[in-house]
Amino acid sequence: MGSSAKKKKDKKKDFQKPKLKVGKPRPKPTNFTDTSFKAKTIALSRQSLTTVTPSANTQFTHHLSLLTSRSDNQRRESLSYLTSSIAPHQKDLPQPVAVLLPKLLPLTLDGSNGVRAQLVKLLQNLPPEDVRDHMEKISMYIRAGITHLATDIRDTALEILEWTLDIDGKELVSCPGGWIKTLKTILTVLAWNEDAKLWGWTSSRAIVGRSGSKSLPRTLGLLAALLRAGLVVRPSPDTLEAQLHRFPLWNVEYHMPPCQSNTYGYLNLFGSAKDQDSQGYENINDRRRIFRNLFEGRVARGVSAARREGGDVGRAAAAVAKALGEGLNDDGLRDE
Amino acid sequence: MGRRKVGALEKVEADLPNLQYKIRRDPSSYKTDFETQYGQYESQRELFMQAPSSATDTGIISFCDLIDFVTHLADCYPETTVDFPTQMVAILTTHHPDLESDLREKIVGSLVLLRKKGIIDSSKLLQTFFPILTTTPSKSLRTLLYQKILSNLRSSNSKNTNHPLNRATQTILYDLVVSDRTSPKGVWAVKITRELWKRQIWTDAKAVGIMKEACLADNVKVISGGVSFFLGGDKEREELEDESSDEDALDLGKMKHQMGINKKSKKKARAMENAVATVKKKERRKKQPHPLNFSAFHLLHDPQGFAETLFSKHLQNAHSRLNLEQKLLILQLVTRLVGLHKLTILPLYSYFIKYLTPRQPSVTSFLASLAQATHSLIPPEDLEPLIQKIANEFVSEAAAAEVASAGLNAIREICVRQPLAMNTTLLQDLVMYKKSKDKGVMMASKGLLSLYREVGADMLKKRDRGKDATMGLKSHEKTERRFGEEALGEIKGLELLEKWKEQEQHRKRLELGLTAEANADDAEIEEDDDGWEVDEDDTDDSGGWINVDSDNDINISDSDDDKRPSKRIKPESTSGVVRSTCEDDDKENEGKETTDLIHEVSTLASKTILTPADHAKLRELQLEASVNKLLPSSQRKRIAQQQAQLQRHADDPLTATEIEGLASLSKKASRADKIALAKDGKPERAAHRSTQAIRKEKKDSQGKSSTNKEKARKKNFLMTLGKAKGKQKKSLVERGRVLKAHVERGKRGGKRGNKGK
């Protein structure tokens, strides 16, 4: 009996309205916080007593370290600071590209859209000559980004791929893993990887996370660019006349010390043994052979199917077909 | 690119578990998606392999998630994921010291999952895990791997024993111990073997072989692991079995009751069915014959060689770096082996001499080991100096009471096993201590006395011999057993069983209306009717071969305590026993009885196979015979004690506590000791409470509700008011009706009545 009465009383108390009385202070609410205290001192956790502002170099390094910050905003801010402190294609950076890239590239897979957008901007500001040596690492992140589950990250990766192709497509396709793996990844994304047996008039292209077919033409365009970079022979800049001009010295560039880094990289003297996929194919004929053996049939099938779709996709597919034609048809090149 | 609003749908589709769920539902349609994600896994792996130690945080989907994803779906796309298991194994084996702990655990877990899905086999898994287990510096990884290895072995042996896997694993472990004897890696072999032994998964000689090698290792940890396995492994196994047999007993009655009350649903019905099935299964398992598990000692190959090497390597060797405690353990093992298998290691006894002084730390363990190492095939002249030394060092008037009683006890334990080790003067000297003022010493001395009354009464002084022994000596019944002489093999109490069977037979005859005297001829006649050939039981006094016919030499009797076999009903099963007992009847003349008894007994044992029922009866008869009701209670108690002594199993070790046993009698117990002794084994009682309160709490803890009486007492007063008011206003007729109904209800047994029960 006693317990139930008490419970009732307690319950009632919750719903009772406090009575206000004239001449008495207002009763304090339950969530009242007492702020009447006064502190004599304020202790700051960290104090800087230097009068000089930190140098630009120090700030650059500081912001570089902030790229791994937990907060999205902080990362974006730091990136934008770095972007603003580098003039487009500036030669002497506060920190070398070899230091910058390992910090920047993981942001390719960052969850925040703003960060990635800012990253692309920053990358475009970097001097192309310095970036060229790190193509292998970049290509890895591109491949990771292209197959990512989140569509936005895929788009960013495509943007970065575009940028690398602009800088130096030839380096991209000849770096270790740059040819076979990149092509494989792109074909996987396009769902052109299937066996011939399964290739009917419908394809199971109900890929999760693809919003419309916006990125499809873009991917196709990039595939075209990649194929062009990998398969098409560039006409050498030296025309016959120019060579004649330097008459006794024929093909000097072949006898000069090599001007690229890691010249004998293809020998793979120090790394672990590499399989066919992760090897670098510097020679155009190797790339063509690989392409003929592994990809040609699939790409041709894919292109013909995409062409039938028409529209943007069809146009992009036509570009791919054209690149293919240029790359694999040697006779056409000789005519040029 | 401006800030883009992320739609809800898109957000959902960016999560890997959702995709995993979809793929699992319909693998063929989501093939491309899986391939894309597998590509993602490949590229992430490539990135990871660039710097395995410094795992970079790769955005919203980590490498861990991808591994998890691919592992769970690996069985849906076997062609795509051919390389996946080898990649996992490679990452783990090459980079396990510098992997991040989360990722490491994930990879281990993924390999185990792949094994569960049947993508890799157990041996592959074990081959991956073992080298890492022994080399990794990380403790957490070691525990994880150990756990996984054990659970893998357990699960693959759960349905039926997986012999190939066990053999392969045992070979790996054996090599681990043998390959490098100085390294501590062998500890893992010891641990795993011990655990599996405990769980009765490995019960064969090969597992014991691993432990044997561990005992002979050079690393202290490995040695002590192996030795403690032999000394305690079997006991551990028994304890676990007892534990597991009485754990998680389902209360079927409670469940049925709840089924009657709670809402019925398919799920609950299924749970009930499962519970019934498990209970039935358990019962069936209980009824099954007990699996015959040999103890580790009995599975040991070449115990003589093993004991010799152990002794010479760890104990005799001056360079061994073991401390006293470890040496004692090894000594226990060696002596246990010697006692159990009756081995002969003569240097062992001279080794003991050095340690037999009261000042030696843990000397009682040494004494116990010495007693354990004694058996009837040890030459008495090897033991005599040891006994002499114990007597000199321990047993004297000057020595402390505990010391003296321990010494006497140890001498007794040795002499139980080899009575010839004692000489007359020493024995008579030691027996004098029975007059000691100290109780412990007195008891120990009396123990020795009573022992020698049994085994060597002529060594005692005449006045110490006692009635039985003196009479036995006079009738030449009790003779001293000589060195190397073995007792005739017999089943104890078999003569009792035989006698009982005879009596039963006799009684049955009387029941059937035949005279007891004329039984022999009748029996033969009956047997002829049953179609049994009668063989002349030729009594060979030399104890040689007995000629028995091939078709009826062995009969299984199925006599039971409750239901006595009647020959008419089951002639073919019982007639064999009946016949043999009849024949015994035949010969049974009062004068001959004593001389023929032993021989007759042996015929019963050799002619019939004793069934469990027979054994039970035998035990019962033995107990009856031993508790002689005519004796005074003090003697009865002593006999019971002796019985208990005899019943100690030969496999059980002799420990220091048994040597020290009587020493506790020497010192007077203080009040605190007595209280502690009284409280020992009783549950803790927080505060004094009424019995009612304790009962109430017990009921609450069992989840039972209160009684009606209690409910009535606790009922809110205001609730009772209305009823009381109504009662007052009732008319006389109404009141009468109510009262009548009350009486009626009482007769019926409550509102619902108890007709059905």
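The legends below describe close-up views of a predicted model.

**Figure 1. Overview of chain B.** The secondary structure of chain B consists of 36 helices and 2 strands. Of the 757 residues in this chain, 37% are buried. Among contacts in chain B between residues at least 6 apart in sequence, 70% connect residues at least 24 apart. The accessible surface of chain B is about 46,100 Å², and carbon and sulfur atoms account for 53% of that area.

Figure 2. Over all chains, the structure contains 18 aromatic pairs. One of them joins B:Phe34 and B:Tyr38, which are stacked with 6.1 Å centre to centre and 25° between the planes. Because B:Phe34 and B:Tyr38 are 4 residues apart in helix α3 (residues 31-50), about one helical turn separates them. B:Phe34 is buried, with a relative accessible area of 0%, and B:Tyr38 is also buried, at 7%.

**Figure 3. An edge-to-face pair between two helices of chain B.** B:Tyr41 and B:Phe84 form an edge-to-face aromatic pair, with 5.3 Å centre to centre and 70° between the planes. This pair links distant parts of the chain: B:Tyr41 belongs to helix α3 and B:Phe84 to helix α5 (residues 84-95), 43 residues apart. B:Tyr41 has a relative accessible area of 0% and is therefore buried; B:Phe84, at 0% relative accessibility, likewise counts as buried.

Figure 4. In soluble globular proteins, nonpolar side chains tend to be buried together. The largest nonpolar core here has 135 residues, of which B:Ile192, B:Phe230, B:Val334, B:Leu348 and B:Met422 touch the most other members. A second, separate core of 72 residues includes A:Leu122, A:Val131, A:Ala229 and A:Ala316. The contacts of B:Ile192, leaving aside residues up to four places away in sequence, include B:Phe130, B:Tyr146 and B:Leu173.

Figure 5. A:His63 lies in helix α2 (residues 56-65). Its relative accessibility is 16%, so A:His63 counts as buried. Residues up to four places away in sequence aside, A:His63 touches A:Ser78, A:Tyr81 and A:Leu82. A:Tyr264, by contrast, is exposed, with a relative accessible area of 53%. A:Tyr264 is found in the loop between α12 (252-255) and α13 (284-309). Together with A:Tyr266, A:Leu267, A:Leu269 and A:Phe270, A:Tyr264 makes a nonpolar surface patch of about 670 Å².

How values were computed. Residues are numbered from 1 along each chain as its sequence is written. Chains are lettered from A and ligands numbered from 1 in the order in which they are written. This is a predicted model: local features need pLDDT of at least 70, side-chain atom pairs count only at pLDDT 80 or more; totals for chains, interfaces and linings use all residues. Side-chain values use heavy atoms; hydrogens and water are left out. Buried means under 20% relative accessible area, exposed over 50%, partly exposed in between (1.4 Å probe, protein chains only). Contact means heavy atoms within 4.5 Å. A nonpolar core is a set of buried Ala, Val, Leu, Ile, Met, Phe, Trp, Tyr and Cys residues joined through side-chain atoms within 4.5 Å. Patches are made of residues with over 30% relative accessible area and no salt bridge: like charges are joined within 9 Å, nonpolar side chains (Val, Leu, Ile, Met, Phe, Trp, Tyr) within 5 Å. Accessible areas come from the Shrake-Rupley method with a 1.4 Å probe; for residues, only the protein chains shown count as cover. A salt bridge is a side-chain nitrogen of Lys or Arg within 4 Å of a carboxyl oxygen of Asp or Glu. Rings of Phe, Tyr and Trp (its six-membered ring) pair if their centres lie within 6.5 Å; planes under 30 degrees apart count as stacked, over 60 as edge-to-face and the rest as tilted.
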